[in-house]
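I opened my notebook to look up a few features of one protein model. My entries follow in the order I made them.

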Amino acid sequence: MQEMANLRKLVEVSTSFGKPLRVAEMNTISNSGKEGVSNVFAAALWTLDATFEVAAAGAVGINLHQGAGQNHYAALLRTYQKDGTTLAPVILRPPFYAMLMFQLAVRNGTRLLLQHRVSPHNTTVSSHIKLWPLLDVSTQQLRFVVINRHASRAGSQRICLDKSWVHKYPARAQVTRLMAEGVEPLSAKGGISLGGRVFGPGGQLKGEEQHGWVFRRKTHGRSCWEVYMSPGSAALMESDLVEPIQ
């Protein structure tokens with residue numbers, strides 16, 4: 001993408017002056033966003049993917065613009081009660097769930113993993129599934145953020161470990177899913193859950209926490225996980241270290 005190529009160049013320039021680069025303001029669409037684009041689940045998947053794209057380009061952080069809390073792209077919606085003076089309970093919108101999944105993925109400090117350690121293979125809808133492999137720098141836990149951007153097609157993401165790492169991680173990996181209800185998930189404004197939990201008005205958590213599991217199997221001589229991805233969804237896979245990496 002040209003935007004990321006431009007950002008990488010800016011990172012090179014700032015680094016040459018000994019300064020880190022931070023994207024000071026970004027979001028889906030300029031000037032408060034657009035109805036049906038910035039305030040639906042598609043914006044959540046875009047936000048999740050875009051944050052990793054910025055990190056991969058070498059920037060140290062981003063500020064996602066929110067405005068006064070009433071813009072289409074605002075993650076936290078603030079409105080007034082009928083009296084016009086009392087604030088109504090905050091509404092958490094789709095991009096908030098993306099921010100939360102990103103925080104879960106990079107918690108404790110992580111770095112993007114070198115491709116020679118993890119080999120991604122899309123098995124169904126290759127052009128629409130995105131993989132971000134991560135390594136926790138303190139615990140060496142493996143994490144993978146998988147995003148299926150297709151509105152109506154499911155697919156699978158196969159993730160194969162380097163042979164020298166196979167015995168260091170268990171065959172089982174935990175999966176936490178970010179999903180929206182309905183036959184058109186990317187257009188959803190509600191019914192969004194992360195790990196089975198939903199944020200109601202005022203940020204009240206509802207629902208039971210849910211996680212799934214995938215198991216690594218031999219595939220064409222490689223040891224691989226394969227995670228099913230429903231249309232318009234994301235998942236966070238986690239695998240704990242069992243033997244220290246040298």
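**Entry 1: two helices.** I note at the start that this is a predicted model. I began with helices H2 and H3, and I found that their crossing is right-handed. H2 covers residues 41-56 and H3 covers residues 94-106. Their axes come within 7 Å and cross at roughly 35 degrees. I wrote down both values because two packed helices are described by the angle and the distance between their axes.

Which residues in H2 meet H3? I listed Phe41, Ala43, Ala44, Thr47, Leu48, Thr51 and Phe52. On the H3 side they meet Pro94, Pro95, Ala98, Met101, Phe102, Ala105 and Val106. I sorted this contact by class: 12 residues are nonpolar, two are polar and none is charged.

**Entry 2: H2 by itself.** I checked the length of H2. It has 16 residues, and at 1.5 Å a residue they should span 22 Å. The end C-alpha atoms are 23 Å apart, which agrees.

How many residues of H2 are buried? I got 12 of the 16, so H2 is largely enclosed by the rest of the structure. Among the buried ones are Leu45, Asp49, Ala50, Glu53 and Val54. Just after H2 comes glycine 58, with a positive phi of about 105 degrees.

**Entry 3: the cores.** I looked up the largest nonpolar core next. It has 24 residues. Phe41, Leu48, Val145 and Leu178 have the most contacts inside this core. H2, H3, E7, E8, E10, E11 and E17 each supply at least two of its residues. H2 gives the most, with five residues. There is also a second, separate core of 19 residues, which includes Leu142, Phe144, Val146 and Met229.

I then followed valine 145. Leaving aside neighbours within four places in sequence, valine 145 is in contact with Leu48 and Phe52, and also with Ala105.

**Entry 4: alanine 188.** I found alanine 188 in the loop between strands E10 (172-180) and E11 (192-194). Is alanine 188 buried or exposed? It counts as buried, because its relative accessibility is 10% and the cut-off for buried is under 20%.

Alanine 188 and asparagine 39 are 149 residues apart along the chain, yet their C-alpha atoms are separated by 8.6 Å. Beyond four places in sequence, alanine 188 is in contact with Asn39, Val40, Phe41, Pro94, Ala180 and Glu181.

**Entry 5: phenylalanine 215.** I found phenylalanine 215 in strand E14, residues 212-215. Phenylalanine 215 counts as partly exposed, at 42% relative accessibility. Proline 170 is 45 residues away from phenylalanine 215 in sequence, and the two are 8.7 Å apart in space, C-alpha to C-alpha. Not counting residues up to four places away, phenylalanine 215 touches Ala171, Arg172, Cys224 and Trp225.

Entry 6: Most residues other than glycine have a negative phi. Glutamine 140 has phi near 65 degrees. Glutamine 140 lies in the loop between E7 and E8 and is partly exposed, with a relative accessible area of 22%.

Histidine 220 has phi near 50 degrees. I located histidine 220 in the loop between E15 (217-219) and E16 (222-229). At 78% relative accessibility, histidine 220 counts as exposed.

Definitions and conventions. Residues are numbered from 1 along each chain as its sequence is written. This is a predicted model: local features need pLDDT of at least 70, side-chain atom pairs count only at pLDDT 80 or more; totals for chains, interfaces and linings use all residues. Side-chain values use heavy atoms; hydrogens and water are left out. Axes are lines fitted to C-alpha atoms, for helices over the stretch in contact, and angles run from 0 to 180 degrees between N-to-C directions. Helices (H or I, at least four residues) and strands (E, at least two) are DSSP runs, numbered from the N terminus. A crossing is left-handed if the near helix is turned anticlockwise from the far one by less than a right angle, and right-handed if clockwise. Contact means heavy atoms within 4.5 Å. Ala, Val, Leu, Ile, Met, Phe, Trp, Tyr, Cys and Pro count as nonpolar, Asp, Glu, Lys and Arg as charged, and the others, Gly among them, as polar. Buried means under 20% relative accessible area, exposed over 50%, partly exposed in between (1.4 Å probe, protein chains only). The expected span of a helix is 1.5 Å times one less than its number of residues. A nonpolar core is a set of buried Ala, Val, Leu, Ile, Met, Phe, Trp, Tyr and Cys residues joined through side-chain atoms within 4.5 Å.
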